[in-house]
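Take a look at the chain below.

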Amino acid sequence: MDTYALHLAMAALVGASFVAVSAYYMHRKTLNQLLEFAKTVERERERDDDSEEESPQHPRRRRGGGSRRRGGGYRRASASLPDVTAMSGGGVDGDERCNAIALDGIPAGLPRLQTLHEGKSAPLSSSVRRVGSLIRPTSPKSPVASGSNIESVEGSDDEDNMTDNTKLDTAYLHTNGNAGPDNKSMLPNGEQMPIASSMIRSHSVSGDLHGVPPDPIAADILRKEPEHETFVRLNISPNEEPAGDAVESYKRIRECLALRERYVYRESIAPWEKEVISDPSTPKPNPEPFSYTSEGKSDHYFKMQDGVIHVYPNEESKEELFPVSDATAFFTDLHSILQVIALGNVRTLCHHRLVLLEQKFNLHLMLNADREFLGQKSAPHRDFYNVRKVDTHVHHSACMNQKHLLRFIKSKLRKEPDEVVIFRDGTYLTLKEVFESLDLSGYDLNVDLLDVHADKSTFHRFDKFNLKYNPCGQSRLREIFLKQDNLIQGRFLAELTKQVFSDLEASKYQMAEYRLSIYGRKMSEWDQLASWIVNNELYSENVIWLIQLPRLYNVYKEMGIVTCFQNILDNVFIPLFEVTIDPDSHPQLHVFLKQVVGLDLVDDESKPERRPTKHMPTPAQWTNVFNPAFSYYAYYCYANLYTLNKLRELKGMTTIRFRPHSGEAGDIDHLAATFLTSHNIAHGINLRKSPVLQYLYYLAQIGLAMSPLSNNSLFLDYHRNPFQLFFLRGLNVSLSTDDPLQIHLTKEPLVEEYSIAASVWKLSSCDLCEIARNSVLQSGFSHALKSHWIGKEYYKRGPGGNDIHRTNVPHIRIEFRDMIWREEMQQVYGGKAFIREELDIK
């Protein structure tokens, strides 16, 4: 057996030796053939060069090479590497040439991987050229020393200030190219090789094998300065002069835009004029957001007349300080807009212009999508995940997801079962007793039993959707966990809110505008809400508040809580004027209002209603049980807010914008009313039914906080949602969550909203970042924060107001949007449009 194993081993050794010898000779033969072929190519090129030198009308052509004869041999470089000497502008000097070896593996006739155009090569010494052939491109290395450092930069505030390209380029060159003090690469003999601009800027390569330029290497992308990007601009010529019906249609559109300018509230002094931001670094958080300093009472006097509060310098004066259009004028103007919307020639013109806008954007993407992508790559550190995005429409009572609420309820059942939480049927009940009365225990609870998620049963059933606010279908659980005016003074909801704040602050780049309810049933609601906010210290740098007013007059009337519509207006607006004139009268409300940025109108818009006439009853005369129309609510909220904001601005206080729900369902009258009165609106999906209103909203750039997932649960299937169409046409749209408790499944509902939209509509990274930038512009966050988040000149139109290092939106996209909008405005105004250089966001 040992002899057999020995013979087997010897046979294997002999066989391996034979294979090795055969491979050696085959390799040697192949190498000799390759060298002979290279010599032949060398001789042919020398003959070609000699013939070119003899012909005076043909200049000598320079060829870069991958190898060169030296000392009787050949020095070979990898055929897969790009021609670095050609990229850096390398050429020949005198009689020396850079020659290339054509390998058998590449078919004859194909172009080289990268070349320079004729006459573009720069002279370079032989030593530089020889070193150039040895340079191997490497991936850019971060100047940060370790992975842990990278994580610390990602999570810190300092990363937002890392926008200096020169520092980044120098760091990269020191890491990869031994850069000298003047950004010149050091050669082994001590000479300096200048970094040619073609190496830094060259992204399109003429020698691609299949006609598609290869992606530039990462080093080139990082060195590229986005401020100098160019793109293919659309020039539709000749410009057709409007004639016939078009002239009259444009005139009607101009009249509608003039009406909006007459109604909408604008601050006398823009925020960027009040506070000049020279250093847009991270603003310092407010160390004492709930501190109160007495400001004293002013002499102003106010009086409610016909549903609108009028302000006077003092009690004896009869001169009204801030006059506002009366109800008759408003409803007359509203009817004039509704007449324009119904005109056939105006509808045809607006539809044509909207389709043209859409096709222009599609053509822009076909021509410039790759350039936009390269522009994003050139912005170091930024991507979709770390640009600021604001949830511009979310209700506070549903701001958590269902799993979060379930964990919180179980935690309270385990830790505080004996806490007295509710008074029902003449008895005080503890938390444990409440669940025992429902025949439930903490172990029984799960997400399905909680039953707060919207499903098929809620489609076109707003009443069933509202019932989803009741955990386990029990209103008592909603009162305990999701209300702030309960027996425990909203302690559970405050603790839940702080946990949501913590999640937002951990994500860092997500902000929210939460809506709190004021119902108008009694004046003390404002003080109760402010007390809940201040006493529980509900404050976050990532959150601001809006107030939502449910349109429930008919419910309160039937319950006997109010006698007329005037009672609701008194309960909502009189405390606001009192605290504005005398902050000492409501100190906690005064502190709370510093964080309130908007007023919202909410309820089911699909309910049938009567269109208002030009002469409507006053709020004091509205004593019937029917709910007033949406536009009736809208006018009286707008008129009182207009006067209030003028007074607060006069006293140096923060203002409150009118930002209602509109166009989610129901008549398009709602959208016409908010066109006149609102800064931004929530939803707006019914704009798809009216091309005229859609075109007006585009020209006025009114913000739309759209929630496709919410609409999918209530009124409109996702694939029919007009969000993508509005975005293509250039309307000012953003994505929002509306009700994460009922709709979303993940811990980051806003990212979930973006993710689904990107998947369904195939939105690019540039599209997502543009939508995120829109959300910041639409939001009510302070001027200092917006300057830090999207650039210190964010309020300017066009690329001058864009900072790609903060928004990750290429200048190409912003310039295109601005150019098309300006062209459209000039088309409407016959070339005489007056366009401000600042956005209408003040």
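**A helix with a bend**

Start at helix 20, which bends by about 30° at Phe 573. A proline, Pro 575, follows within four residues of that point. Keep in mind that this is a predicted model.

Helix 20 covers residues 565-581, 17 residues in total. From its first C-alpha to its last, helix 20 reaches 25 Å. That is close to the 24 Å expected at 1.5 Å a residue.

How many of the residues of helix 20 are buried? The count is 15 of the 17, so helix 20 is largely enclosed by the rest of the structure.

Now step back to the whole chain. The chain holds 842 residues, and buried residues make up 50% of them. Its secondary structure comprises 32 helices and 17 strands. Take the contacts between residues at least 6 apart in sequence: 75% of these join residues at least 24 apart. The chain exposes about 39,900 Å². Carbon and sulfur atoms supply 52% of that area.

Finally, pick out one residue. Asn 645 sits in helix 22, which runs over residues 630-650. Is Asn 645 buried or exposed? Its relative accessibility is 2%. Buried means under 20%, so Asn 645 counts as buried. Which residues does Asn 645 touch, leaving aside its neighbours within four places in sequence? Asn 645 is in contact with Tyr 265, Thr 655 and Ile 656.

Definitions and conventions:
Residues numbered from 1 in each chain as written. Predicted model: local features only at pLDDT ≥ 70, side-chain atom pairs only at ≥ 80, totals over all residues. Heavy atoms only, no water. Helix = DSSP H or I, 4+ residues; strand = E, 2+ residues; numbered from the N terminus. Buried < 20%, exposed > 50% of the residue type's maximum accessible area, 1.4 Å probe, protein only. Contact = heavy atoms within 4.5 Å. Areas by Shrake-Rupley, 256 points an atom, 1.4 Å probe, with all protein chains shown as cover. Expected span 1.5 Å × (residues − 1). Bend = angle between axes of the 7 residues up to and from the residue.
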